[in-house]
Amino acid sequence: MLLRTGLALLLTAVSLTPVAHADTGAAPRVPEATGNGGAVSSVDPDASQVGIDVLRRGGNAVDAAVATAAALGVTDPFSAGIGGGGYFVYYDARTGRVSTLDGRETAPRAADENLFVENGKPLPFAEAMTSGLAVGVPGAPRTWQQALNRWGTIGLRDAMAPAEALARRGFVVDQTFNTQITNNAARFADFTSTRELFLPGGKPPAVGSVFRNPQLADTYRELADTGLLSLHGGAIGQDVVRTVQHPPVVPGSTRNVRPGKMGLLDLVRYRVEEREPTRVGYRGLDVYSAGPSSGGGTTVGEALNILESADLSKVSDVQHLHRFIESTKLAFADRNRWVGDPRYSDVPTAGLLSQRFADSRACLIKPNAVLPAPVAAGDPRNPRPCATAAQASPTRQDVENTTHLVVTDRWGNAVSYTYTIEAEGGSAIVVPGRGFLLNNELTDFSFVPVTPGVPDPNLPGPGKRSRSSMAPTIVLDHGKLAFVVGSPGGATIITTVAQILTLHIDRKLSLLDAIKAPRVSQRNAAVTPAEAAFLASAQAEGLRGIGHQFSQVADIGAATAIERLPDGRWRALAEPVRRGGGAARVVHVG
């Protein structure tokens, strides 16, 4: 019998009221909308509306996704933008094919494995993050261009025009925007260009005020007019390189801001990679996501394969959560050991996603005990039941900020796209006169081998992509779209997506209830981070009885999703509360 009482109690701890901002004039944040002509869901109402307007004008899912992404670069600039990169997953309803674009940032050609090592020691993470050294070659604009060229119906100029107009006319500042600047005020204040843009008069723009970014509007127009050549070799690119090599530090600042190694040729040579998606079968569904250089698809896929060894519809809530937590613990151990940029490492993707390997890991999970963490990795090339390596494979420090959007159209096509500038606020460095923040993506590399004496596929290297956790996901049912889902959140992306999938598929929660549910995020550590609502639950107490230890953290993830209803309509879904609430929008036809 499906035990849902405990889950229902967990959900009552989460406010279900949509977050509105009528007092400030900001657009409403609605977590659920149903329509028949397409749908968009993102973290921001202005950006979601931009995508909906494209769909209403006859654009397809790819057109709307690029337009929404460009708008998020305006309204969610501390999570994503043209200074970053990401992974774009596309479902073509006519062919039934799922394709992915890897638009991850790359290290400059001058980088080597000691990029973040000084005097034989790794740099402190905080110092590495706020530096030119951390900035990777941006991939977002070329991702947009390639997606439109491959599957879109409009050009880059038309796709970026709504976001350019939004940046020029401005938008109403909400609490999330204000808080993100406040969180980074000390870093932002140390760079002349960042201080000028985001700390006018020395403080963040007030909630309810209108924020305009004409510099970014001009940059968008120049990118579109030049077909991105201005970034990849022209004037914008020169400004980026100058900023990376000579960060605009405020005179008198005591912050040690190291210059970076990016050159103009790095921008000229940047390429988006079209890759095969990851795929696992789960309870009769096909789950697709982004493969390496992202570890998102392989890690979510392995966790699901581990879970498939048990009928989770018949166990208690405590046992379901216990197996879920242990599955991601094991999957992260294997991610940390095996996943990196496939151009530089022989990543055993097929092995990591094989049911045989998952079964060899699942047998380590016991119903009445917790695996000591960090656990050691298994060997997907030669799976042996319950076998592990001699040394543990821990997860290194991570920063947790990204953005995610999902789009479907009237023809049944779908996009799941996660992109980022890495940390909240990225490197904290705005390109002077250009209106956008640069990423700190290269801090996703291991500064030194995570496990001494064990090969680490995620060390820096020239032109290399750092390992990501992004997991933009598309789920098919016998070749037809069932739903699309994803989340921001650094390494917590993996656990957020996996938890939503198992709650929806195994525990039969509605997709919205699976998004609302309080979250945990076990990433191969002795203590599992969890949200306050989860820690206050009876399920958490039951898990403590088995041996689980928890620490309290703020919001984990900020998911968006769209599902196809039996009558053919679309239901767009977003967070009711996390990160101030998301923005689900739909098109009504007829």
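This report describes strand pairing, helix packing and salt bridges in a predicted model.

Strand S11 covers residues 285-289, and five of its five residues are buried. The side chains divide between two directions: Leu285, Val287 and Ser289 point one way, while Asp286 and Tyr288 point the other way.

S11 pairs with strand S10 (residues 278-282) through five bridges, and the two strands run antiparallel. S10 and S11 make up a hairpin with two residues between them. Arginine 283 lies in the turn of this hairpin and has a positive phi of about 55°.

S11 also pairs with strand S14 (residues 473-477), again in the antiparallel sense, over three bridges. Here aspartate 286 has leucine 476 of S14 as its bridge partner.

## A salt bridge at the hairpin

Side chains of opposite charge can pair when their charged atoms come close. Arginine 279 and aspartate 286 form a salt bridge through their side chains, with an N to O distance of 2.7 Å.

Are these two residues buried, or partly exposed? Arginine 279 counts as partly exposed because its relative accessibility is 44%, which falls between the limits of 20% and 50%. Aspartate 286 has a relative accessible area of 17% and is therefore buried, as buried means under 20%.

The whole structure holds 34 salt bridges. One of them joins the side chains of aspartate 102 and arginine 275, at 2.8 Å from N to O. This pair links distant parts of the chain, with aspartate 102 in strand S4 (residues 97-103) and arginine 275 in strand S9 (residues 273-275), 173 residues apart. Aspartate 102 and arginine 275 are both buried.

Another salt bridge is formed by arginine 507 and aspartate 317, whose closest N and O atoms are 2.6 Å apart. Arginine 507 sits in the loop between H17 and helix H18 (511-516), and aspartate 317 belongs to helix H14. Elsewhere, salt bridges with shared partners join Glu164, Arg168, Asp218 and Arg221 into one network.

## Helix H14 against H17

Two packed helices are described by the angle between their axes and the distance between the axes. For helix H14 (residues 317-338) and helix H17 (residues 492-505), the axes come within 11 Å and cross at roughly 140°. The crossing is right-handed.

Which residues of H14 meet H17? They are His320, Phe324, Thr328, Phe332 and Arg335. On the H17 side, the residues in contact are Ile494, Thr495, Ala498, Gln499, Thr502 and Leu503. By class, this contact has five nonpolar, five polar and one charged residues.

## Helix H14 against H16

H14 also packs with helix H16 (residues 355-362), where the axes come within 10 Å and cross at roughly 120°. This crossing, too, is right-handed.

H14 contributes Arg323, Leu330, Ala333 and Asp334 to the contact, and H16 contributes Phe357, Arg361 and Ala362. How many residues of each class does the contact of H14 with H16 have? There are four nonpolar, no polar and three charged residues.

Definitions and conventions. Residues numbered from 1 in each chain as written. Predicted model: local features only at pLDDT ≥ 70, side-chain atom pairs only at ≥ 80, totals over all residues. Heavy atoms only, no water. Axes fitted to C-alpha atoms, helices over the stretch in contact; angles between N-to-C directions. Helix = DSSP H or I, 4+ residues; strand = E, 2+ residues; numbered from the N terminus. Left-handed = near helix turned anticlockwise from the far one by under 90°. Contact = heavy atoms within 4.5 Å. Nonpolar A, V, L, I, M, F, W, Y, C, P; charged D, E, K, R; others polar. Buried < 20%, exposed > 50% of the residue type's maximum accessible area, 1.4 Å probe, protein only. Pairing = 2+ DSSP bridges. Salt bridge = Lys/Arg side-chain N within 4 Å of Asp/Glu carboxyl O.
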